[in-house]
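Student: I would like to learn how to read a model like this one. Can we take it feature by feature?

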Amino acid sequence: MPPGEAALRRAEGWLFAPGDPRRLAAVRIGLCGLLAVRLASGPYPELATQPAALFRPISFLRLLDRMPSPEVVAALQALALGAAVLACVGLLTRATLPVAWLAALPLVAMTSSLGKVVHNDVLLLLCLVPLLPSRAGAAWSLDARQRPPARTGTAFGWPVRTAMVVVAGAYFFSGLGKLLHAGPAWVLSDNVRWVLYASSDTQPDPNPFALFVADRPLLAHLVAAATLAVELGFPLVLWRPRLAWLFVPAALAMHAGIGLAMRLDYSVMAAVVLVVLVDWPALIDRFHPPGQGEAPGPVPVEERR
Amino acid sequence: MEPRSSPSPPDQAPRWARWFVGAYLAVFVLCGVAGLEAWPLTGWRLFADARQARQPGLQAATVDADGRETPIPFRDLPAGFRGDVQVLKGFADLSPARQAAVCQAWAEEVRARGGEVAEIRIYATVTDVSDRVGDRAAPPTRTLRFTCRPRSADAAG
């Protein structure tokens, strides 16, 4: 068998290996909870009143000549929020999860129709995609109360692992983009210093965190190198799950640093990393071993590594 | 160590799931590698360019009847007005009617907040962020590019 085909087979074997229904449930609860929070707090009603001249549509919103009307936005927001909450608690999950995603799509597209893609929400939407046709409501849901407990099976592995690939890919491609567009200069030049100075200069008050790094060339180079290392190295968590202990905190620290220094909010992206890459059932089992009253399916060894 | 669960032969992912995941990851990877934007799929271009110390930009300011200039406070305006950087970048490529409509929208919002707007000026700026004056960059060099008045726009450059 050619090496390329063998690698593809191994990847396929990993993607479609059995999984714990509780881990898929944890991802469903986390992502739908995040979506509900975003839908409840997003600036959609305000965006709906944007003058048409300022509309910079993205994707399918190019079919419109202005933002959707406030009435349409209110209806979509209510539908998406209600469905996201229901999907979060796992009621009629096979229907409510796709409805939440589809109704949220135009709303989130509105936030990216100011001329710049809002990657914060994009990762959330993309990680939800593999859950749409899955049996995400088979455990830890109101749906599951009327059925026998779900056991470990292939139906519960691929949605979570696909979402993990998407998270790892998001960081890897961010790093790859830097290498392709800027090359080694992204780290070796004063790029990060100038980014941080420019960011501080556009804030109402000088930003002490940005200036602390920008005023120290060596530190700025280290920050740049660490950023690139975290982004390009992130897919290693798929190969060695233990490395999540390194890369997940590193990614969270990176987003926290960007938030402090540049006042850019990547909190949803950071939360998606936590939701998707942490094995929540294994963590719960570690602190609360399953009692006699509960009979969850066994957690595969690979999920616990 | 827990025993590894071994699925029985029927417990295999269905063909549709394999196709679904394969197709989804293929387009996800294609967009990432090629930097394609097919929202919600994206090329993940986040701070991808290496910045230089001298940074070009654009600045919009209102001018009152006495000739006093005030930068438009986009951060304080509603969410729909915060794409100012991208709108300004593409301003030169807009039709005169669209330029006038953009200026009109900005002027109306500033007026709604009590500001006086006789005209709007758009400057091309170059800021040398390495040239520091205290905690701020030295003021940018500015070149007037456009002047708009309510319901009209005159290209000045």
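Student: How many Å separate the centres of domain 1 of chain B and domain 2 of chain B, taken over C-alpha atoms?

Tutor: Domain bounds come from an automatic or database domain assignment. Here, domain 1 of chain B covers 13-47 and domain 2 covers 54-155. Their centres, over C-alpha atoms, are 38 Å apart. A word on conventions: this is a predicted model, where local features need pLDDT of at least 70, side-chain atom pairs count only at pLDDT 80 or more, and totals for chains, interfaces and linings use all residues. Residues are numbered from 1 along each chain as its sequence is written, and chains are lettered from A and ligands numbered from 1 in the order in which they are written.

Student: Which strand of chain B does S1 join, and in which sense?

Tutor: Strands (E, at least two residues) and helices (H or I, at least four) are DSSP runs, numbered from the N terminus. Two strands pair if DSSP finds at least two bridges between them. S1(B), residues 54-63, runs antiparallel to S3(B), residues 119-128, with ten bridges. One of the bridges links B:Pro56 to B:Val126.

Student: How many bridges pair S3(B) with S6(B)?

Tutor: Seven, again antiparallel; S6(B) spans residues 141-149. There, B:Thr125 has B:Arg142 as its bridge partner.

Student: How many residues of chain B are in contact with chain A?

Tutor: Contact means C-beta atoms, placed from the backbone, within 7 Å. By that test, 50 residues of chain B meet 57 of chain A.

Student: Which element of chain B gives the most to that side?

Tutor: H1(B), with nine residues.

Notes:
Two residues are in contact if their C-beta atoms, placed from the backbone, lie within 7 Å.
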